[in-house]
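Hi,

Here is the structure I promised to pass on. Have a look at it first, and my notes follow below.

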Amino acid sequence: MTRAIRIHQNGGPEVLRWEEIELPAPAPGELRIRHTAIGVNFSDVNVRRGGFYLARPLKFPVVLGNEAAGVVERVGPGATEFKPGDRVVYAGMEGGFYEDTGAYAEARNVPGARLIRLPEGISDRQAAALMVKGLTASLIVNRLFRPKVGDPILIHAAASGVGLILCQWCKHLGATVLGTVGSREKAKIAGAHGCDHAILYCETDFVPAVRRLVPPGVAAVFDGVGKDTFMASLDCVRPFGMLVNYGNASGPVPPLDLLLLAKKGSLSVARPALSSLTGDTATMRAAAAELFELVKRGILKVEIGATYALRDAASAHRDLEARKSTGSMVLVP
Ligand SMILES: NC(=O)c1ccc[n+]([C@@H]2O[C@H](COP(=O)([O-])OP(=O)(O)OC[C@H]3O[C@@H](n4cnc5c(N)ncnc54)[C@H](OP(=O)(O)O)[C@@H]3O)[C@@H](O)[C@H]2O)c1
């Protein structure tokens, strides 16, 4: 037996229940991980609400969560890569992030191919706070749009989990970082993580604010907010620039007329999914190794804005949805 946060129906944070669940012995190729820190992600809220990406209805009850760090406790048949006591982290399973969940638990069986070994110098909490958000930033910066020295980049929700990592990474690459933020407090936090110009987009229209700072427009926009920012963001990008929509914290982006991209100056739009990076074990582990190195070199600071007991996951969800969070949130079993 182990204890976990489960939902038996979609709904608000009140549907999260702290329950005892059966945990079978690890199957062939699997390992039992005793979780020490669990990362909270907006996708957890989407699954709880009734995620809009689902190909088929969820089979309740569902244990939420995609990301956790911990210690190998038991080794299943043939899972020879790890041994009891090894420190590991994971970000997603083999299925979709909206379907193959189960990290909001004291312990879980995980296929060995999904695990990333934790090096010295990276704590369990840092790893749980970093993996999904950092790999998402890696997907954007390494695969879609790598800022060059002097490139102006606009990062929406700059003080969010992914936002703070993007700010630091872009600044490190020599970009001028513009960031939208929901409050003055968030502006300060973004500023401490490489954001050169914070724009309070709840108080001011961000398009003219960006154009005042960078009249020709930015080289790229990195947008995890979605519905409320996507269309206006097209007016912030300079000709031949790119808008990367990687998330929908405010809701899904409406269908896009491709001709609009021609009219706005031969723009490109990208819509990444983290599973394209994490689907291949070697690619995922190489990207994680780069993140650990950037943290060890002090280039990326892992900002844990709040820590909650696992059984209080509903409080974390309430804060996330109320836009109270900064950086990453971690649950501790
Ligand atoms: N494509 C992928 O594979 C992938 C991977 C990871 C994450 N994501 C997605 O990327 C987005 C950002 O992730 P994250 O971890 O950085 O998120 P996060 O830390 O939970 O932050 C989300 C931020 O979005 C802003 N926001 C704007 N409108 C909002 C609304 N109506 N409700 C809630 N928040 C709102 C808030 O910042 P302000 O108060 O500053 O506006 C909030 O703090 C999420 O949608 C997530 O699901 C996608």
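Predicted model: local features only at pLDDT ≥ 70, side-chain atom pairs only at ≥ 80, totals over all residues.

Numbering starts from 1 along each chain as its sequence is written.

With those classes, the shell around the ligand splits into 13 nonpolar, 12 polar and 5 charged residues. The ligand is surrounded by 30 residues (C-beta atom, placed from the backbone, within 6 Å of it), and the closest are Ser160, Gly161, Gly182, Gly224 and Gly247. H1, helix H2 (124–144), helix H3 (161–172) and H10 each give two or more residues to this shell; helices are DSSP runs of H or I with at least four residues, strands runs of E with at least two, numbered from the N terminus.

Two of these helices also pack together: H1 (residues 42–49) and H10 (residues 313–321) meet at about 105°, with axes 10 Å apart. Here axes are lines fitted to C-alpha atoms over the stretch in contact, and angles run from 0 to 180 degrees between N-to-C directions. H1 is therefore roughly perpendicular to H10 (65 to 115 degrees). Phe42, Val45 and Arg48 of H1 make the contact with His317, Leu320 and Glu321 of H10 (C-beta atoms, placed from the backbone, within 7 Å).

Happy to chat!

Note on methods:
Parallel < 35°, antiparallel > 145°, perpendicular 65-115°, else oblique. Contact = placed C-beta atoms within 7 Å. Nonpolar A, V, L, I, M, F, W, Y, C, P; charged D, E, K, R; others polar.
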